[in-house]
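Visitor: I am new to this structure and would like to know how its features get their names. Could you show me around?

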Amino acid sequence: MTEFKLPDIGEGIVECEVVEWRVAEGDAIEEDQPVVEVMTDKALVEITAPEGGRVTKLHVAKGEIAKVHAPLFAYEMADGEPAAEPEDAEASAPAKEVDDADTDTGAPRVETPAPQAEAGTVCPAGQERSDRTAAGQGPHGRIPASPAVRRLVREHDLRLEDVPGSGKDGRVLKEDVLALVEGDGVAAETVAPAAASGEVPDEIRVEPLRGVRAAMARQMVAAASTIPHFQYGEEIDVTELLALRERLKPRAEAREIKLTLMPFFMKAMALAVRDFPLLNSRLNEAGDEIHYLPSCNIGMAVDGRAGLMVPNVKGVEGLSLLDVAGEIQRLTGAAREGRVAQADLQGGTISISNIGALGGTYAAPIINAPEAAIVAIGKSQWLPRFDEAGEVTRRAIMTVTWAGDHRLLDGGTIARFCNAWKGYLEEPESMLLHLS
């Protein structure tokens, strides 16, 4: 038997929370197979098996804290023999990746992606799964099922003991799970009585604040208490921008890139920063020096599985619109899965918070320290406006709210910067004059 110890994850992290075990005691594992997901205060990390064998012991239960260099699980090596019963080709295929959520921002119609299950939340049945249930343990012992079938059961938020097994010795097969999911309402019987009857629990559910959410809480408290914020709001007419994006979308899709409004926001911001470099600067720790940053690394707040993350696109000023869109697509997908690389979270110089993707119109964002400013983008709405002839016309109006560090920025500076940014967005073809 070999003890697998939690490796050094880096960044000075000494402990992390076990979010989900992908295997149970007794399961066969293969080299590089995902075994467990752990949450640090930076991101969600997936730990894989170092070699093939069979799991004999899980030392840290789901929701508990694992220490770096301490035993995480134990396993027996395969000793040259098959570690698991042969699986069919479909069952042994890798799990299907989750499609990236729609990151389109500022469009008149906004579709909110369905929220993903978060670590520590209750099951749809309204109750926490027990460790025994998660491991596939029934009242009379362990229920036989392959790792692929157990994964399928977890994906559909079922309990293994509620799936009638048609295989030898009651073994649960893939067909049994699919029959239950696609069957005639049998799955509905597995919900907890309290949830089915509409009863409200009479106890407060307590969940510790850990991982990325704990880090976010510390950062927001520090930023709000040490940086004097001031707010500045504006309306932007994005009618022409929406029309331009519709014309360019087919060309981006031909390269398998999803063209949202966010690349335009970032590109216009990088152009405006050239004339107002103070927006792309920061104070040193002593507060007596202004450091003007050489590149515009624009962050975007993403409400992902692990919590709020702000990955940033590096060097926006030197990227094409398609390059920026590709980076946004990559970072958004990684953030929604909680697997953003540390390099993508570091070095941001100015940030965008897209509340409009969730239907919001106004916000008062908190600066992502040590940056000097952040903007909250609201949803676009078709509203009546007067044209130059005094006639009422239909326009797509988007609200934006800036928060600036008042130690560096005054109202006039951020207003002039916002006007420059607004000009590029309201007349997007004007950006062509400044692209190298």
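Guide: Let us begin with a rule for strands: two of them pair if DSSP finds at least two bridges between them. Please keep in mind that this is a predicted model.

Visitor: How do you know that β11 and β20 pair?

Guide: Nine bridges join β11 to strand β20 (residues 392-405), and the rule asks for at least two, so the two strands count as paired. They run antiparallel. As for where to look, H229 has D405 of β20 as its bridge partner.

Visitor: Which sheet do these strands belong to?

Guide: An open sheet of six strands, in the order β11-β20-β19-β18-β14-β17, with mixed pairing.

Visitor: What makes β11 and β17 edge strands?

Guide: Each of them, β11 (229-237) and β17 (312-313), has a single partner strand, so one side of each is left without a neighbour in the sheet.

Visitor: Which helices lie on these strands?

Guide: Among them is helix α6 (residues 239-254), which lies across β11, β19 (373-386) and β20 and runs at about 100° to β20. Helix α10 (residues 411-426) also packs on the sheet, where it touches β11, β18 (350-353), β19 and β20. The direction of α10 makes about 25° with that of β11.

Visitor: Now the aromatic rings. How many aromatic pairs are there?

Guide: Counting rings whose centres lie within 6.5 Å, there are seven aromatic pairs.

Visitor: Why is the pair of F4 and F73 called stacked?

Guide: Planes under 30 degrees apart count as stacked. The planes of F4 and F73 are at 20° and the ring centres 4.8 Å apart, so this pair is stacked. F4 lies in strand β1 (residues 2-5) and F73 in strand β8 (residues 71-77), so the pair ties together parts that are 69 residues apart in sequence.

Visitor: Are F4 and F73 buried or exposed?

Guide: Buried means a relative accessible area under 20%. F4 has 14% and F73 has 0%, so both are buried.

Visitor: What makes the pair of W21 and F73 edge-to-face?

Guide: Planes over 60 degrees apart count as edge-to-face. For W21 and F73 the angle between the planes is 90°, with 6.2 Å centre to centre. W21 lies in strand β2 (residues 15-21), so its pair with F73 of β8 ties together parts that are 52 residues apart in sequence.

Visitor: How do you know that the charge of R394 sits over the ring of W382?

Guide: One condition is a distance within 6 Å of the ring centre, and the charged end of R394 is 4.0 Å from the centre of the W382 ring.

Note on methods: Residues numbered from 1 in each chain as written. Predicted model: local features only at pLDDT ≥ 70, side-chain atom pairs only at ≥ 80, totals over all residues. Heavy atoms only, no water. Phe/Tyr/Trp six-rings, centres within 6.5 Å; stacked < 30°, edge-to-face > 60°. Helix = DSSP H or I, 4+ residues; strand = E, 2+ residues; numbered from the N terminus. Buried < 20%, exposed > 50% of the residue type's maximum accessible area, 1.4 Å probe, protein only. Lys NZ or Arg CZ within 6 Å of the ring centre and 35° of its normal. Contact = heavy atoms within 4.5 Å. Axes fitted to C-alpha atoms, helices over the stretch in contact; angles between N-to-C directions.
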